[in-house]
Amino acid sequence: MKNSPLLTIAIPTYNRASYLDKLLSSLLSQSGEFSNSIEIVICDNHSTDNTEETCNKYLAINNNIRYVRNDENIGMDGNFEKCFSLANGRYYWMIGDDDVLRPNSLRTVLTILEKDNNYDLIYVNSSDEIISDKQDVISFDEYNNGADFINRVGVMFTFISGMICNKHNYLRIAEETRVSFVPGTYLLHLFWQLPLVKSGKCFGYINNNLVQSTSDNSGGYGLFTVFGKNLASIIDLFYPRTHFISQSLRKSAAKFLLNFLHNDKKTNAFTVSNYLADADAAFYDLTLYKMVLRFLYRNPGFSFWIINFRKSLKKILIK
């Protein structure tokens, strides 16, 4: 471990060669000068498109990449776990294959990691909007406890491209947590992130938008099941529902999911059947949900009006 790289960038992928090509191009255009500090691991979950050919193109020009192709499809969570097990870096950053690193992002991240503050978790800000490339000044906030960090990050704690974790610190405390990975949740990464929240003492939040995310591109699973029932069940393994961190994460998730009740484009990308039952299982103990949000869940048209009113008001206030 003494000679391990500072940072592993892991990319789980399946049948998204065109997206992956853009991500690798954005990553390798920045990585040359940091070859001693990083490694790149690609876990191909037995893709049937031209993912292997795409990866071979980059393998030929960069020796910091490891490409691993699974003999069979082991599911999204299985591929996440494999990425994590293959990582040799002190820090671990898993990036979605349909996201892109914005210019100078890698330099910003490594500048922060090289401070040697032994961060447990760092949140990397993102945007799905086209924004200016000027990021000359690093905007970074530090927190010394998990509660303040989670209160700031909210449900974006689940966004895989947005979290850098200290794998060395996780391995040190893994035996103490004794929580085994539970496959099939689509949130396996929380099984190494939540122990670091619970035991950690140093957290960071990068305000710069370093990741250009692709919105509404993860169809095929039950949105409310994953970010409602599944999220709550994982948090339950680490915190009682009365704990501030549990309540903060679930409140943020409950408000986030409101956005998917009224937008046909977004909702059609996911499975939303029985959404109220999944939401109740996750949020019903929360006063905000019982008193306000559940009414909006049951009346999507009304929630649509409120959300748009807030957006319009915000635009007016900004002007």
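Me: Which helix holds S26, and is S26 buried or exposed?
Reply: Happy to start there, with a note that this is a predicted model, where local features need pLDDT of at least 70, side-chain atom pairs count only at pLDDT 80 or more, and totals for chains, interfaces and linings use all residues. Residues are numbered from 1 along each chain as its sequence is written, and side-chain values use heavy atoms, with hydrogens and water left out. S26 sits in helix α1 (residues 17-31), helices (H or I, at least four residues) and strands (E, at least two) being DSSP runs numbered from the N terminus.

Me: Leaving aside its neighbours within four places in sequence, which residues is S26 in contact with?
Reply: Contact means heavy atoms within 4.5 Å. With neighbours within four places in sequence left aside, the contacts of S26 are V100 and L101.

Me: How far apart in space are S26 and S105, C-alpha to C-alpha?
Reply: In sequence, S26 and S105 are separated by 79 residues. In space, their C-alpha atoms are apart by 9.6 Å.

Me: How many residues of helix α4 (residues 105-113) are buried?
Reply: The buried residues of α4 are S105, L106, T108, V109, L110, I112 and L113. Helix α4 is thus mostly covered, the buried count being 7 of its 9 residues.

Me: Where do the buried residues of α3 fall, seen down the axis of the helix?
Reply: The buried residues of α3 are D77, N79, F80, C83 and F84. Seen down the axis, they fall within an arc of 160°, taken from the directions from the helix axis to the C-beta atoms. An α-helix has 3.6 residues a turn, so residues three or four places apart point the same way. The buried residues of α3 therefore line one face of the helix.

Me: What are the end C-alpha atoms of α3 apart by, and what covers its buried residues?
Reply: The expected span is 1.5 Å times one less than the number of residues, so the 12 residues of α3 (residues 75-86) should span 16 Å, which agrees with the end-to-end C-alpha distance of 17 Å. The cover over its buried residues includes β1 (7-13), β2 (38-44), β4 (91-94), β8 (163-166), α6 (167-177) and α7 (190-199).

Me: At what angle do α7 and helix α8 (residues 223-236) pack?
Reply: L190, F191 and L194 in α7 meet L231, I234 and I235 in α8. Axes are lines fitted to C-alpha atoms, for helices over the stretch in contact, and angles run from 0 to 180 degrees between N-to-C directions. The two axes are 10 Å apart, and the angle is about 45°.

Me: Which residues of α11 and α12 make the contact between the two helices?
Reply: Helix α11 (residues 275-283) and helix α12 (residues 287-298) pack at about 165°, with axes 11 Å apart. The contact is made by Y275, L276, A279, D280 and F283 of α11 and Y289, R294, Y297 and R298 of α12.

Me: Leaving aside its neighbours within four places in sequence, which residues is S246 in contact with?
Reply: S246 lies in helix α9 (residues 244-257). The residue is buried, with a relative accessible area of 0%. Beyond neighbours within four places in sequence, its contacts are I235, Y239, P240 and R241.

How values were computed. Buried < 20%, exposed > 50% of the residue type's maximum accessible area, 1.4 Å probe, protein only.
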